[in-house]
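Hi,

Here is the structure I promised to pass on.

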Amino acid sequence: MPVAFAVWLPARERRAGWVAGALAVAYITVQVAIDAAFVAFDLLLGEGCGQTWGPLAAWSIGFGLYRLLAALLIMIAIRGGGPHSARARATRRVLVVIAVIAVLVVATVTDRGQDTRFTGRAIDAEECYDWTVVHRAYGDTAPQDRELAFFCMARAANGYTGGLTGLPDRELLTYGRALCGVAHLPSTDPTTRKLLDQAGADDWSHSLMSVLVFLCPDAVGRTWPELVLSEAEGVQRKKDYQVKQTSYCTDPRARPRARRQATTALFVSEGGGYGITDAGVEAGDGVTAGLETAFDNGVVGAYGDSATILTEVENFFVCLTVKAYTKAPPIATRGWDRIVETGIRSPSGELNLWSWDESEPLPNLAAAGPGRYRIRVSVRNQEKAELDTSDRPVEEHLVEVFPGRSTRTVTRHRAEVQR
């Protein structure tokens, strides 16, 4: 357009000026038509594109009208006509109509407005650092930062709420509040199901609620109370719950006296199981090698400096007692369903128990220092635990560790379990 104007200005009384103006009009009109076609496709044919770019359509239309106004002015300039001619009056009417339409479009867009607090996809990653990287809890987030935290979390939870990530700020906020309004309903409710499907969420998952809690803590807290706590409150709540579960567990064998011992409620994660490793071994190393033997006898398997112990329970607690002896204790089979022994090395003189979940440390089980040890694992109530619905540990393990050179894995006792 500037180039056409530069050609037209000195040659406006000659044919070259008319040609330059006509080319400019044609260029502008074609551009506006192409843009309008893309907008129509997004809004009418491409559902996903329409959801993402639909709110920007008004801006596109308004800018197109502005460019058409410029084209019309150029046409007037190159066609001529007096200010009081019929052509001039008709042109003024057209200009007034276009101006009114442009004002209405701009007013509509301004009313919808961008959220002046946030800029959608342009939110700086550094602004989201506290929630997407540090995982600041709702209870530690200042009230004025909670909407920002919602935007950051919603767009970071792509795999769980994929339908929310592409929405502009204002639409995302509206949609989040709509989800909050049905957060008390089951996912099978028709309205709730529709909203969850549009959000790309299968159910009221922990991940989705971790996002919504910054908008509606009361609604989320009814079913997920831990999400409204501060980090310190969450840690204390977990400790209190651990203490409560441990209170249900007792030492199953008072004699002989062990050098070191402890009884706890051990939380086992998805898949179940825990292990014993030498302090010089990365926790979890050797698990795969020991698993094959453990699956063979259903209790324990060892490989080198690591041993893996199976549980029937997963994602919950088992009662565990560990005892470290300086010599082998006699076998006590009464009351136990299975007892299996295996061998392990401890080059460092320190054997530690680990689980996939973070647990309170238990005592060093290598009571005689560096060397070879036997691990004797007694288990009971595994079948009962599968059927139990109480909020307390039922499956019980006794782990006894004592010096011994053999590396063989041996089943010492297997009771006939009544099913």
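Below is what I found, grouped by topic.

A word on the ground rules: this is a predicted model, where local features need pLDDT of at least 70, side-chain atom pairs count only at pLDDT 80 or more, and totals for chains, interfaces and linings use all residues. Residues are numbered from 1 along each chain as its sequence is written, and side-chain values use heavy atoms, with hydrogens and water left out.

**Salt bridges**

The structure holds 12 salt bridges (a side-chain nitrogen of Lys or Arg within 4 Å of a carboxyl oxygen of Asp or Glu). One of them joins Arg-155 to Asp-169, with the closest N and O atoms 3.1 Å apart. Arg-155 lies in helix 7 and Asp-169 in helix 8 (residues 169-181), so this pair ties together parts that are 14 residues apart in sequence. Helices here are DSSP runs of H or I with at least four residues, strands are runs of E with at least two, and both are numbered from the N terminus. Asp-169 counts as buried at 4% relative accessibility; buried means under 20% relative accessible area, exposed over 50%, and partly exposed in between (1.4 Å probe, protein chains only).

Arg-193 and Asp-197 also meet in a salt bridge, at 3.0 Å from N to O. Both residues sit in helix 9 (residues 190-199), 4 residues apart, or about one turn of the helix. Arg-193 is partly exposed, at 24% relative accessible area.

Then there is Asp-305 with Arg-345, whose closest N and O atoms are 3.0 Å apart. That pair links distant parts of the chain, 40 residues apart: Asp-305 is in the loop between strand 3 (300-303) and strand 4, and Arg-345 is in strand 6 (residues 338-346). Asp-305 is buried, with a relative accessible area of 17%, whereas Arg-345 counts as partly exposed at 35%. Salt bridges that share partners also join Arg-253, Glu-341, Arg-374, Arg-376, Glu-400 and Arg-412 into one network.

**Aromatics**

I have 5 aromatic pairs in the structure. Rings of Phe, Tyr and Trp (its six-membered ring) pair if their centres lie within 6.5 Å; planes under 30 degrees apart count as stacked, over 60 as edge-to-face and the rest as tilted. Phe-150 and Phe-151 have ring centres 5.7 Å apart and planes at 55 degrees, so the pair is tilted. Phe-150 is buried at 0% relative accessibility, and Phe-151 is buried at 1%. Elsewhere, Tyr-241, Phe-267, Phe-316 and Phe-317 form one aromatic cluster.

**Backbone details**

What is the peptide bond from Arg-255 to Pro-256, cis or trans? That bond is cis, with omega near -5 degrees, and Pro-256 belongs to the loop between helix 12 (231-246) and strand 1 (260-268).

Two residues to check for phi: His-135 has a positive value of about 60 degrees although it is not a glycine, and Asn-315 has a positive value of about 55 degrees, again without being a glycine. His-135 is in the loop between helix 6 (125-132) and helix 7 (146-156), and is exposed at 58% relative accessible area. Asn-315 is in the loop between strand 4 (306-309) and strand 5 (316-324), and counts as partly exposed at 39%.

As for glycines, Gly-275 is in strand 2 (residues 274-278) and is buried, with a relative accessible area of 0%. Its C-alpha atom is separated by 9.7 Å from that of Gly-290, 15 residues apart along the chain.

**Surface patches**

Patches are made of residues with over 30% relative accessible area and no salt bridge, joining like charges within 9 Å and nonpolar side chains (Val, Leu, Ile, Met, Phe, Trp, Tyr) within 5 Å. Accessible areas come from the Shrake-Rupley method with a 1.4 Å probe, and for residues only the protein chains shown count as cover.

Glu-270, Glu-312, Glu-314 and Glu-386 gather in a surface patch of negative charge. Asp and Glu count as negative, Lys and Arg as positive, and His and the chain ends are not counted; the charge of Glu is placed at CD. Glu-386 is in helix 14 (residues 382-387) and is exposed, at 51% relative accessible area.

Tyr-129, Val-133 and Val-134 form a nonpolar surface patch with about 280 Å² of accessible area together. Val-133 is in the loop between helix 6 and helix 7 and counts as partly exposed at 47%.

Cheers
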